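Okay, everyone, thanks for coming. Let me put one up on the screen and walk you through some of its backbone.

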Amino acid sequence: MTKFLVILHLCALLLSPFSHAQFELTGPVALTFADDSKKNTEFGFAFLQNEGAYQFSVGPHKMAVEEVPKRYTLALMLNKDQLIWARDFTKKPLKGFDWKVGKHSLQLFKQKLQPARPGDFVLMIDGMRYHFIEGKPAQIHFHFDEKGITEVEVESMVQPKR
């Protein structure tokens, strides 16, 4: 009987980290549209247990999952009219946004750049500057583990030399 209790205790210790693999990161985002109108909304991430199964949420979208997804990618498109499209946020073109998610801060804004860059947009992520590359969609990869965001990685953007 004691061997059974020891095995049961070991199983409980081994499986307990998986039962605590949950996070909920709020994501207040202030959007500025092409027509200068503004909207405040939420776009966060969550990995929560729901009725015995796990559910991953990205903004308003929810999906059943077996484990924490490895990453989520937000695509930003700079169109020929020099406006940004972030389809996951809105169906309207953007001039900018200010987004706080977990311990990360992301801002998109226009700024006259020298030398000029496509759209003169600056993307700031946790204090690091990035600029668009003509004709390429910018990708912001959010990497996850059981506790939340582990890394924010940027692809197809230029980081200016200091």
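S156 sits in the loop between β14 (148-155) and β15 (157-158); strands here are DSSP runs of E, at least two residues, numbered from the N terminus. Its phi is near 65 degrees, positive in a residue other than glycine. At 23% relative accessibility, S156 counts as partly exposed, meaning between the cut-offs of under 20% relative accessible area for buried and over 50% for exposed (1.4 Å probe, protein chains only).

Quick housekeeping: this is a predicted model, where local features need pLDDT of at least 70, side-chain atom pairs count only at pLDDT 80 or more, and totals for chains, interfaces and linings use all residues. Residues are numbered from 1 along each chain as its sequence is written, and side-chain values use heavy atoms, with hydrogens and water left out.

The peptide bond from Q114 to P115 is cis, omega near -5 degrees. D120 lies in the loop between β10 and β11 too, with a positive phi near 55 degrees. So is D120 buried or exposed? Buried, at 12% relative accessibility. Why flag these spots? Because most residues other than glycine have a negative phi, and most peptide bonds are trans.

Last, a sheet. It's open, four strands, antiparallel, ordered β1-β4-β5-β6, where pairing takes at least two DSSP bridges between two strands. β1 (23-25) and β6 (61-65) are the edges, each pairing on one side only. β5 (residues 53-58) is joined to β6 by five bridges, and Q55 has A64 as its bridge partner in β6.
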